[in-house]
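Biologist: Can you walk me through this model? Keep it short, please.
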Amino acid sequence: MYTNKEFGLRLKKLRMEAHETQKQLAELLGVTQNQIGEMEHGRKASTYGKLAIICTHYNVTADYLLCLTDEPRKLEET
């Protein structure tokens, strides 16, 4: 079940696995580093456009970030 908190945890996990900083992800998305922190702590959500960028950047399906599946499947596997 989707929650902003779970979205944030998954986003942070993907970012950390990629060895990226919040600042690097913020630059990719065109937002502030603070906004990334807010998303990772579940206080803010992402827009559809930014969700698509995140999925493409980390090569995972939106289903994973939206908690519709627990497996971070790659985009080309869908």
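Modeller: One term to begin with. Buried means under 20% relative accessible area, exposed means over 50%, and partly exposed is in between, with a 1.4 Å probe and protein chains only. In α3, the buried residues are Ile 36, Gly 37, Glu 38, Met 39 and Glu 40.

Biologist: What kind of model is it, and how are residues numbered?
Modeller: It is a predicted model: local features need pLDDT of at least 70, side-chain atom pairs count only at pLDDT 80 or more, and totals for chains, interfaces and linings use all residues. Residues are numbered from 1 along each chain as its sequence is written, and side-chain values use heavy atoms, with hydrogens and water left out.

Biologist: And what counts as a helix?
Modeller: Helices are DSSP runs of H or I with at least four residues; strands are runs of E with at least two; numbering goes from the N terminus.

Biologist: Back to α3. What do its buried residues pack against?
Modeller: They pack against α1 and α2. Contact here means heavy atoms within 4.5 Å.

Biologist: How do α2 and α3 cross?
Modeller: Their axes come within 8 Å and cross at roughly 105°. Axes are lines fitted to C-alpha atoms, for helices over the stretch in contact, and angles run from 0 to 180 degrees between N-to-C directions.

Biologist: Parallel or perpendicular, roughly?
Modeller: The two helices, α2 and α3, are roughly perpendicular. Under 35 degrees counts as roughly parallel, over 145 as roughly antiparallel, 65 to 115 as roughly perpendicular, and the rest as oblique.

Biologist: Which residues meet there?
Modeller: From α2, Gln 22, Lys 23, Leu 25, Ala 26 and Leu 29. From α3, Gln 33, Ile 36, Gly 37, Met 39 and Glu 40. The residues of that contact divide into five nonpolar, three polar and two charged. For those classes, Ala, Val, Leu, Ile, Met, Phe, Trp, Tyr, Cys and Pro count as nonpolar, Asp, Glu, Lys and Arg as charged, and the others, Gly among them, as polar.

Biologist: Tell me about Gln 22. Buried or exposed?
Modeller: Gln 22 is buried, at 18% relative accessible area. Its side chain makes a polar contact of 2.9 Å with the side chain of Glu 40. A polar contact is a pair of N or O atoms within 3.5 Å; within protein, one must be able to donate a hydrogen and the other to accept it, and residues adjacent in sequence count only if both atoms are side-chain atoms.

Biologist: What else does Gln 22 touch?
Modeller: Beyond neighbours within four places in sequence, its contacts include Arg 15, Gln 33 and Ile 36.

Biologist: What about the loop between α2 and α3?
Modeller: Val 31 is found there. Val 31 counts as buried because its relative accessible area is 18%. Apart from residues up to four places away in sequence, Val 31 touches Ala 26, Ile 36 and Lys 50.

Biologist: New topic. How many aromatic pairs turn up?
Modeller: A search of the whole structure finds one. Tyr 2 and Phe 7 form a tilted pair, 6.4 Å centre to centre with 55° between the planes. Rings of Phe, Tyr and Trp (its six-membered ring) pair if their centres lie within 6.5 Å; planes under 30 degrees apart are stacked, over 60 edge-to-face, and the rest tilted.

Biologist: Where do those two sit, buried or exposed?
Modeller: Phe 7 is buried at 2% relative accessibility. Tyr 2 is partly exposed at 35%. The side chain of Tyr 2 also makes a polar contact of 2.7 Å with the side chain of Asn 4.

Biologist: What does Asn 4 touch?
Modeller: Asn 4 lies in helix α1. Not counting residues up to four places away in sequence, it touches Met 39, Gly 42, Lys 44 and Ala 45.

Biologist: Which residues have a positive phi?
Modeller: Most residues other than glycine have a negative phi. Among those with a positive value are His 19, near 55°, and Cys 67, near 65°. His 19 is in the loop between α1 (4-17) and α2 (22-29). Cys 67 is in the segment after α5 (62-65).

Biologist: Which one is buried?
Modeller: Cys 67 is buried, at 9% relative accessibility. His 19 is exposed, at 73%.
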